[in-house]
Amino acid sequence: MGYKRGKSHLTKKQLKELNEVLLSEKERIETKLAVEKTHQQITETNSGKDEVDSANDDILKRTELRFTTRETLYLKKIKKTLGMVDTDEYGICEECGAQITFQRLRARPTSTMCITCKEESEREEFQNYHGRISKSLGEQISLTK
Ligand SMILES: [Zn+2]
């Protein structure tokens, strides 16, 4: 891809700090996932119980799976970000091209949008959701007329 190293608007010190945050997040999730995996293996070897138990296990396993998927996706994002730190793409909003502040990146090093665009996209999501509700309400109202 076309980005250049060492072209970030962030200082070397800031980049180093963000890199450390990302690395510790990576480690935290990898440990968590490893624990989950061991736990799943234990549950699997413990088979041979009555039906109620295995039904509960199914629910538990499904919940764990959802959790694991989310964490795996986050881990992927962290790894991708780690490869991008120190390039001119990192810390730049993918929506408007504005520089994402160090404070924001410090709190969320995987941010790809500036606070303005993030808020905007959240507002749109909210409006889409509520817009759909009021539309169906409107249809109900017109039916009672
Ligand atoms: Zn933006």
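These are my notebook entries on a predicted model of a protein chain.

**Overall fold.** I started with the secondary structure and found four helices and zero strands. Read from the N terminus, the elements run α-α-α-α. Next I checked burial: of the 145 residues, 11% count as buried.

**The core.** I then asked which residues make up the largest nonpolar core. There are 11 of them: Leu18, Leu22, Ile78, Met84, Val85, Tyr90, Ile92, Ile100, Leu105, Met113 and Cys114. The elements giving two or more residues to this core are α1 (12–45) and α2 (51–84).

**Aspartate 86.** I moved on to aspartate 86, which lies in the loop between α2 and α3 (102–107). Its phi is near 80 degrees, a positive value in a residue other than glycine. Is aspartate 86 buried or exposed? It counts as buried, because it has 20 C-beta neighbours inside 10 Å.

**Lysine 12.** My last stop was lysine 12, found in helix α1. Lysine 12 counts as exposed because its C-beta neighbours inside 10 Å number 10. How far apart are lysine 12 and aspartate 86 in sequence and in space? I noted 74 residues in sequence and 8.3 Å in space, C-alpha to C-alpha.

Terms used: Residues are numbered from 1 along each chain as its sequence is written. This is a predicted model: local features need pLDDT of at least 70, side-chain atom pairs count only at pLDDT 80 or more; totals for chains, interfaces and linings use all residues. A nonpolar core is a set of buried Ala, Val, Leu, Ile, Met, Phe, Trp, Tyr and Cys residues joined through C-beta atoms within 7 Å. A residue is buried if 20 or more other C-beta atoms lie within 10 Å of its own, exposed if 12 or fewer, and partly exposed in between; C-beta atoms are placed from the backbone.
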